[in-house]
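Visitor: Could you show me around this structure? I am new to reading models.
Guide: Gladly, here it comes.

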Amino acid sequence: MTLRPTVFLLLLAALLGNACSRQSATEGSKSPTPEAPVRIVSLAPNLTEMLFAMEAGDLLVGRTMFCDFPAQATSVPVVSGGVSVDIEALLQANPTTIVALEGVAGQIPGNILEQAGIQLYATRVETWDDIVRTLDELSRITSRQAKAQALIRQLQEGLEQRNKLSARPIRAAILYGHRPLVAAGGTSWGNELLRLAGVTNVFADSDRPNLQIDAETLLSRHPDLVIDIIAVGAAEGAQEFWKEFHRQVPDPGFAVALSAHEALLRPGPRVLEAVDEIHRLIQENSRDRGEAP
Amino acid sequence: MTRRWTGRTALWVALLALGLLALLALYVLVGSGGAGNGPLLNPELLERHQAILRGLRLRRGLLAILVGAALSVSGAGFQALLRNPLADPFVTGVSGGAAVGGTLVMVLTAFLTQTLGASLTGPAGVFAGAFVGAVVVALLLSRLATAGGLLNTNSLLLMGVVFNFFASAVVLFLKAIIQGTKLSEILFWLMGTLAVEGLPDALLWLAGTLVLLSTGGLILLARRINLVSLGEETAWGAGVNPESVKRWLFLLSSVLVALGVSLAGFVGFVGLVIPHVVRILAGSDHRGVFPLSALGGATFLLLADLVARLSFPLAGTQLPVGVVTAFVGGPLFIVLLARAQAKGGGA
């Protein structure tokens, strides 16, 4: 019997479609259900920080190589490189629950989790509301509701206090890269941080997390301050970059502040530190220009 | 001695040169909004306006011209060397060497800054790493593809393709061990970017000089390349050593790819499409193909970058210029190929 190519392709498409729909069904069934004893693998540094902040660090049995805060986290075995997940290493940690950000969670095959009886908690953390929701949901997984609620209250009060400190309106841009220039868009953690610090993101109207821009686009938004987030120890290279930039555009109309503070990149329990860092950068810049902060 | 250019080639050179100048003027005058058009009349804004025109737009335009010319001429060079119309600057492994060199510098920068607090200079370091990587690979492949003093272009092509696979694996490995902002920097560089912010003038001058010298060298070599493309026996008969011609052709084309990738990452289709268009317009005499490819590549990339720069309000982000060249170059190449086939010949 001969099989026509069209029929073969249709059969193949049907099989693939079926496989995909089964995969989706498996993912849809994932929900955090607390079971004791809980053994957690965290696949995101900010989720690891949240677990430690609600004093659930002792439940961690696996982390990514980038989960390096607080210091105790580094004693937890590494099961993932951060970008790609090593399923075998992950299963060897014998977790009951995996907590991950949505992008990474999609890499883990649902059928394997189902067979191993592992719960997958996937979340998105890009705003303050996301932090509160995630802390709340993690607290139910770890049975640390009281600790988490206390932490949320403490963070909320801290943010309210800091809100009162903001004096004059500041327009700022956050940059994550130099060549090309990459700025924090309206749906980024950077945008949320600026909002929490009482600062206007000049790219808040963008519906993207990060956007590629050129210097001219940056100038057209008239920021007072450009916060350049750099890697630890990369200040010298960044200063070289801005020195050359100022040679190209002698009076860009904005000041530049460099920061390598990790909390600026991690939406999590160190949100107050991040807001303080933004205020510190603004104050330093105001002092340099002889203005009242 | 035969006449250097036919009337048609001379006409196209003049037209493209004028078109390039006109396009550069438009490129400098039109922007994403930072300069606007009013400030020319406002003395307070004039200084910043001039800085945007000269410091940003003109420099970026010149970078686009340099990279476009380099990639296009190297494409024409590799197509002549390999006698394969599908050859492009990224097929011989030289670009893979540049990718590994540039990415390695970025990763080392991150590693050194995190562990030792040391720092490699940004764009200049990446340029140097990519250029050295490309040249080392070019020399290595040239040595490996030589047997009994003869450069085997088939081996060169095969080794180049294989090396590119190896290079992509190395780049993937480097991307896997790096995180955060450095990762996105690598991705953006590999996608192709003509960002000039922070790029030292000395680097542009150096690259510009090398592009001019290499293109000039290929133009000087063009008559001999014509003879070699007719067959090596014909070349020997005319007193031309084809081995020497092939080596120079490979070396100069490799230097141009190294410069193009080092300055702007992977900007596709310029080196593939433009030489084809040039041959359709003005014939396959390399004395015309090289200068017209330089002008055509420069014009094409300048236009593509103008679109990329102006894409911000529509796309919400500035498109990488490599995306624009691929959107235009891909369909254009297929149309050219289809038309050539319909006429019963190759492009």
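This is a predicted model: local features need pLDDT of at least 70, side-chain atom pairs count only at pLDDT 80 or more; totals for chains, interfaces and linings use all residues.

Guide: Residues are numbered from 1 along each chain as its sequence is written, chains are lettered from A and ligands numbered from 1 in the order written, and side-chain values use heavy atoms, without hydrogens and water.

Visitor: Which kind of pair do the rings of W242(A) and F254(A) form?
Guide: Rings of Phe, Tyr and Trp (its six-membered ring) pair if their centres lie within 6.5 Å; planes under 30 degrees apart are stacked, over 60 edge-to-face and the rest tilted. Here the centres are 6.3 Å apart and the planes stand at 85°, so the pair is edge-to-face.

Visitor: Are W242(A) and F254(A) buried or exposed?
Guide: Buried means under 20% relative accessible area, exposed over 50%, and partly exposed in between (1.4 Å probe, protein chains only). By that rule, both W242(A) and F254(A) are buried.

Visitor: Which residues do ring pairs link into a cluster?
Guide: The structure holds 10 aromatic pairs over all chains. Ring pairs join these residues into a cluster: F241(A), W242(A), F245(A) and F254(A).

Visitor: How many salt bridges are there between chain A and chain B?
Guide: A salt bridge is a side-chain nitrogen of Lys or Arg within 4 Å of a carboxyl oxygen of Asp or Glu. R57(B) and E216(A) make one, with their closest N and O atoms 2.4 Å apart. Between chain A and chain B, the count of salt bridges is three.
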